[in-house]
Amino acid sequence: MSTTTTAVLVPLLPFLGAAAGLLLGRRAPGAVRPLAVLPTLAAAVLAVVVAWQQGGEKPLDASTRLTPTGSVPIDLALHLDGFAVLVAVLVGIVATCVQLYSTAYLRDDPRYPSYAALVSLFTSAMLLVVYSGDLMVLLVGWEVMGICSYFLVGHYWETRAARSASLKAFLVTKLGDVPFLIGVFALAADAGTFRINGILTTAVSGGIEHPTLVALLLLAGVAGKSAQFPLHTWLPDAMAGPTPVSALIHAATMVAAGVYLIARLLPVFAASAAALVVMAVMAAVTMAGSALAALAQDDIKRVLAYSTVGQLGYMTGALAVGDRGAAVFHLISHGAFKALLFLGAGVIIHAAGTNSLAAMSRMNHLAKRVPDAYWTMTVGLLALAAIPPFSGFFSKEAVLGAAEHATTGDAHGIPAAAGWIVLVAGLLTALLTAGYATRLWLLAFHGKGAEAAGHGREPLAMNAVLWVLFLPTAALGLAAWKLPDWFDGGSLTPTLTTSVLSTGLALAGVIVMYAAWRRTAAYAARTPLGAVAADPGAAPYVSEEETIATHEAAYGGIAGAPDPADPGRLLLGPLHRHAVGGFHLDAVYSVLFVRPTRAAARLARFLDREVVEAYVRGAGGAPRLLGAAVRRAQTGNVQTYLSALLAGSVVLAVAAVLVATGA
Amino acid sequence: MHLVYAAVLAALLFCVGLYGVLARRNAILVLMSVELMLNAVNLNLVAFDVWLRDTLHAGQALTLFTIAIAAAEIGIGLAIVLQVYRNRGTADVDRLRDLGEDAHRPDPDRADREEKAEAAA
């Protein structure tokens, strides 16, 4: 098979799996699991084959004209370069892990067939986005991912939180997609093609008329998809979906699609220094804000969600300083360790029967109950905190190194301001990231109090997947020396200054958080807190669904908990109250969008009811009144009718005579 | 004989018939009044036929036609009146108001239907 054929099969197989799963799900329940896992696994293997054959050589392009549109044609095009094939490998592996994990996690779920099919469809769409060489085709995958995300976030639709979260995720990402679409059209109008290669050629030769405007329009869509400030608010709420979905869609792949898109279109962004500075500011605010918010979250998955937002901020930051190699390197390593962390969090939520860190910090020996999750997550959190020698350290150093390179002004066409913004925010975030990673580790695994409710041994599929993802988490850092051959060739190895600085800051974050925890841990015994959903016989998802549904009632909010033993509360001080709610951005959106929309709806309802309907009612009412008056004449007495008839005839006769005589 | 005698007689007969139709309460008398009006018309037809010296005698022919129709009409009309009287015990036109628009008076047909519905239930 040629590389092109193999590459076509990669997105096609999960799509066929999804179609077959949706069609056969009810009729052949036995076929659902193989249909979910095998096509995804085959796609992952083929993605590895494609990566092997492509081998970081010259980009491979293949295309067929999809439809002659009359103006700008749309091509079914493949573009396989080092970025595409490696990201596809990540997507394939994480998707396979998630499908395997889901077979155990959603064991008895009656909606498992449609769930698995949607995950397959999502995988197919993501692979399409990764391989596509045509912006329109890419956009199709982009939107299919959006709708799959909507359905999967709302998987537990019996709970209110999941319903509103799925709607919010959909609406907020669409808010970004509208400007994105306009941006794509503007690009195609200037370049005369939707093919990314053609657009990049035009961008490099300066053929784009308004580079800043186009870049900002595209950036809006990317901010929505990749959960960047100010459109990131949907991602923490999206944690109301099942854990495997959070791992695949809202950590490893879909949210990375925006970053990947900028990496593909980087010359378009690089054409405008203003857009790069805006991107740098956006990345900096996202990083620092999300890290502060992560320190205050009580739901373990929300901590991870905010950390995802922050890590995506690092990637955007790397792109803002023009280094797409570093961005995609961080994308790949983050995809691996964040998928690991989420899947581990699913194991913990099942074992503890709660998603609340406050409740976990009051449980004994949770780490011993789930040794696999404990060890793999420990390494995952070390990678997240960028402690050497794990993968996160190398990829984050690549980002910071690129930022430092930009500050000196050596980088061609990159404003030094962007470099400084990203570097300072990145170092600050390194401190905060280490802090919240430590907090999560201490609260989840080192609680003291009653024994956790027994849930038996975790299923083998769930634990095995953790060890599969453990490998890249621990060792992907070594790729820093090999990856430049696959990417643009820029160095990705750590530089001394930033390494020492960021590792020092990370260690400081760990130590400060540990000290704070030592001080606050004693309060835990004094303030009992927590609600546990114990379902020893049920599938793991049952505990999660119950704990999502009850978090608001038990802790007074979906984000925070009134826990004095939380070290994050001690460290954040008065900031804690604001950080829990994500710095009130939802309130701002409520004022800016929700209330005007509601007011407009009320106005429309008033106009419809009181103005438009008044005419309708009048049009009906007047004939009815006339009819009532005419009905009065119907007495039922024939002689009355005849009298009226006679009177009428006489009048007519007199009139006829008068007319005839000309009087 | 001058035309005016016949015309005046016909007009008087017609007015008597009209008065009977509009004012009498008994349905049979109403029908008889209708006959008076028809015959007033017949009288006119015959008189004008003579006065116009119509070679085809269309007036006479039409009169015979009207008499035949009137006979059929009175046959059917009397049969209806007879049935109404048997059903209701009265042939009083003033009290035959079932087709009137009056919400307060209960409709006998509807009452029947409701009774049947109750029986079925």
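**View 1. Pro230(A) sits in the loop between helix 8 (211–225) and helix 9 (234–237) of chain A.** Helices here are DSSP runs of H or I with at least four residues, and strands are runs of E with at least two, numbered from the N terminus. A cis peptide bond links Phe229(A) to Pro230(A), with omega about 5 degrees. Most peptide bonds are trans. The model is predicted: local features need pLDDT of at least 70, side-chain atom pairs count only at pLDDT 80 or more, and totals for chains, interfaces and linings use all residues. Residues are numbered from 1 along each chain as its sequence is written, with chains lettered from A and ligands numbered from 1 in the order in which they are written.

**View 2. The loop between helix 18 (371–384) and helix 19 (391–407) of chain A holds Pro389(A).** Pro388(A) and Pro389(A) are joined by a cis peptide bond, omega about 10 degrees. Ala386(A) lies in the loop between helix 18 and helix 19. Its phi is positive, near 60 degrees, in a residue other than glycine.

**View 3. Helix 3 (residues 82–105) packs on helix 21 (residues 460–475) in chain A.** The angle is about 160 degrees and the axes are 8 Å apart. Axes are lines fitted to C-alpha atoms over the stretch in contact, and angles run from 0 to 180 degrees between N-to-C directions. The two helices of chain A are therefore roughly antiparallel (angle over 145 degrees). The crossing of helix 3 and helix 21 is left-handed: the near helix is turned anticlockwise from the far one by less than a right angle. Contact residues include Cys97(A) and Leu100(A) of helix 3, and Val465(A) and Leu469(A) of helix 21. Contact means C-beta atoms, placed from the backbone, within 7 Å. The contact has 10 nonpolar, one polar and no charged residues. Ala, Val, Leu, Ile, Met, Phe, Trp, Tyr, Cys and Pro count as nonpolar; Asp, Glu, Lys and Arg as charged; the others, Gly among them, as polar.

**View 4. Helix 1 (residues 3–23) and helix 2 (residues 27–52) of chain B cross at roughly 165 degrees.** Their axes come within 8 Å. That makes helix 1 of chain B roughly antiparallel to helix 2 of chain B. The crossing is left-handed. Its contact residues are 20 nonpolar, five polar and no charged.

**View 5. Helix 3 (residues 58–88) of chain B has 31 residues.** From first to last C-alpha it reaches 44 Å, close to the expected 45 Å (1.5 Å times one less than the number of residues). Just after this helix, Gly89(B) has a positive phi of about 75 degrees.

Note on methods
Parallel < 35°, antiparallel > 145°, perpendicular 65-115°, else oblique. Contact = placed C-beta atoms within 7 Å.
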